[in-house]
Every structure is written in structure tokens, then in C-alpha cells.
Amino acid sequence: QVQLVESGGGLVQAGGSLRLSCAASGSMFSINFMGWYRQAPGKQRELVAAITSGGSTNYPDSVKGRFTISRDDAKNTGYLQMNSLKPEDTAIYYCNFQIKRTVDLRPYDYWGQGTQVTVSS
């Protein structure tokens, strides 16, 4: 069974930085897409960063230039570096990996448990 475990959330002042990590464990053939989403109270979950297996990245305008997604395939881990944080970045952050399982080589979506990021003004 594949599991994703997130770490790195917390409380930070506006202008500060945090680095989130998401580690996958279990029987995997490959990790295709890695993405980070966030959900603030009363709002829909939104994608804040994505990276393909080839290293192409995508960000919405709201975080472009401040957030950086990266991956270490040797460790089956994805990262989200968040700089110049703003109070409006406060949310629960979730990682999402599309993983090909060894057992059948089919892609499946997996989600982390979520980690709280709170940015104080």
C-alpha cells in the first residue's frame, strides 16, 4: 500500500519561509505527477504548484515567484519551498502524487494527510 506523509507546516510571520516535504512509501514503479494543493476555510481546494516527471513546473499567479516545487525521485519525495509568505497563504496544504504501482503499472492518485500553514501579519 502506498502512503504519502507530509511534514514541515507551522506558524510563520508574514515575509517568512517554510519548506514542506511529502514522502511516498510502499511498492511503486514510478511517480509521475507531483502537486501541492491548499484549502483555506470556506474556500475550494486549489493547486499551488505542480511538477511533472520531466521536471516541468506550473504555478498560479498568486504564488509565482514565491513558491518553488521540486522533487527527489531517489527519495520518492516532493518539496514545496514557500518564501515571502503572506497571511492569505494560510491554509491546509496537501500533496498529491500520481503513482504507477508495481503490481499493475497503472497510475493512481494518492494524497497526503495535510499540514497546516499559518502566516501571521
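This is a short tour of the structure, stop by stop, with what to select at each one.

**Before you start**

The model is predicted: local features need pLDDT of at least 70, side-chain atom pairs count only at pLDDT 80 or more, and totals for chains, interfaces and linings use all residues. Residues are numbered from 1 along each chain as its sequence is written, and side-chain values use heavy atoms, with hydrogens and water left out.

**Stop 1**

Switch to cartoon view. Strands here are DSSP runs of E with at least two residues, numbered from the N terminus. Two strands pair if DSSP finds at least two bridges between them. Strands of a sheet pair through backbone hydrogen bonds, either parallel or antiparallel.

Select β1, β3, β8 and β7. They form an open sheet of four strands in the order β1-β3-β8-β7, and the pairing is antiparallel. Residues 3-7 (β1) and 67-72 (β7) are the edge strands, each pairing on one side only. From one strand to the next, the twist averages 15°. For such angles, axes are lines fitted to C-alpha atoms, and values run from 0 to 180 degrees between N-to-C directions.

Now walk across the sheet, pair by pair.

- β1 and β3: five bridges, antiparallel. Pick Ser7; its bridge partner in β3 is Ser21.
- β3 and β8: six bridges, antiparallel. Pick Leu20; Leu80 in β8 stands opposite.
- β8 and β7: β8 covers residues 77-82 and pairs with β7 in the antiparallel sense over six bridges. Pick Thr68; its bridge partner in β8 is Gln81.

While you are on the strands, show side chains. In a regular strand they alternate between the two faces of the sheet.

**Stop 2: the disulfide**

How many disulfides are there? The count comes to one, where a disulfide is a pair of cysteine sulfur atoms within 2.5 Å. Select Cys22 and Cys95. Their sulfurs are 2.0 Å apart. The link is right-handed, with 55° about the S-S bond.

Colour by residue number next. Cys22 sits in strand β3 (residues 18-25) and Cys95 in strand β9 (residues 91-101), so the pair links distant parts of the chain, 73 residues apart.

Are these two cysteines buried or exposed? Buried means under 20% relative accessible area, exposed over 50%, and partly exposed in between (1.4 Å probe, protein chains only). Cys22 counts as buried because its relative accessibility is 0%. Cys95 is buried too, with a relative accessible area of 0%.

**Stop 3**

Gln98 counts as partly exposed because its relative accessibility is 27%. Draw a C-alpha to C-alpha distance from Gln98 to Ser53. It reads 10.0 Å, for two residues 45 apart in sequence.

Five bridges join β9 to β10, and the two run antiparallel. Select Ile99; Tyr108 in β10 stands opposite.

The hairpin of β9 and β10 has five residues between the strands. Leu105 is in that loop. Its phi is positive, about 60°, although Leu105 is not a glycine. At 45% relative accessibility, Leu105 counts as partly exposed.

**Stop 4: another positive phi**

Jump to Ser84, in the loop between β8 and β9. Ser84 is not a glycine, yet has a positive phi of about 50°. Ser84 counts as partly exposed, at 40% relative accessibility.

**Stop 5: the largest pocket**

Turn on a surface. Rolling a probe the size of a water molecule over the atoms shows where empty space is left. A pocket here is an open set of points on a 1 Å grid over the protein atoms alone, where a 1.4 Å probe fits, with protein on both sides within 12 Å along at least five of seven lines; lining residues have an atom within 4 Å of a point.

Select Arg38, Lys43, Glu46, Glu88 and Asp89. Of the 13 residues that line the largest pocket, these are the closest to its centre. The pocket has a volume of about 160 Å³, taken as the space filled by probe spheres set on the points, which are joined across faces, edges and corners.

Which classes make up the lining? Two nonpolar, four polar and seven charged residues. Ala, Val, Leu, Ile, Met, Phe, Trp, Tyr, Cys and Pro count as nonpolar, Asp, Glu, Lys and Arg as charged, and the others, Gly among them, as polar.

**Last stop: Thr118**

Finish in strand β11 (residues 115-120), where Thr118 is placed. Thr118 counts as partly exposed, at 29% relative accessibility.
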